[in-house]
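Colleague: I am new to this structure and would like to understand the words used for it. Could we go through them with care?

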Amino acid sequence: MSTGCNLNYSYQSNFDEPTHGLGVDLGLSYRLLRHPLLGTHITGLTFQNIASFQFDKLDRRREATQIKALLHSSFLENFIEMDWQVDISDLVKDAELFTGGQSPSLEWDVA
């Protein structure tokens, strides 16, 4: 099992009103199987923008959270590889960030 945490720093010039912020990402991966005939199988889960803060306002930023689940499999000593990934975006979203009367919606993607 492997775990990870990223601390991200952001700077935006924002038309002469710069903003600074921090964000936190978390990840987890686990090797399910490592076998000469059945192959190697690794699964993982990442959480992006779990927490994000703006220095200027000392308030939580309104960044959308994204979750990714993945499966990586390789067979015949890495001769054949297969990847499967599911992304779910805009989990924590603020309707004020959408312009033109648009309403926020949950986005997803499978690759």
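Colleague: Why is Met 1 called exposed rather than buried?

Modeller: This is a predicted model, in which local features need pLDDT of at least 70 and side-chain atom pairs count only at pLDDT 80 or more, while totals for chains, interfaces and linings use all residues. Residues are numbered from 1 along each chain as its sequence is written, and side-chain values use heavy atoms, with hydrogens and water left out. Buried means under 20% relative accessible area, exposed over 50%, and partly exposed in between, with a 1.4 Å probe and protein chains only. Met 1 has a relative accessible area of 71%, so Met 1 is exposed.

Colleague: Where is Met 1 found?

Modeller: Met 1 is in the segment before strand 1 (2-12), strands being DSSP runs of E with at least two residues, numbered from the N terminus.

Colleague: What is the phi of Asn 49, and what is that of Glu 77?

Modeller: For Asn 49 phi is near 60°, a positive value in a residue other than glycine; for Glu 77, also not glycine, phi is positive and near 55°.

Notes: Helix = DSSP H or I, 4+ residues; strand = E, 2+ residues; numbered from the N terminus.
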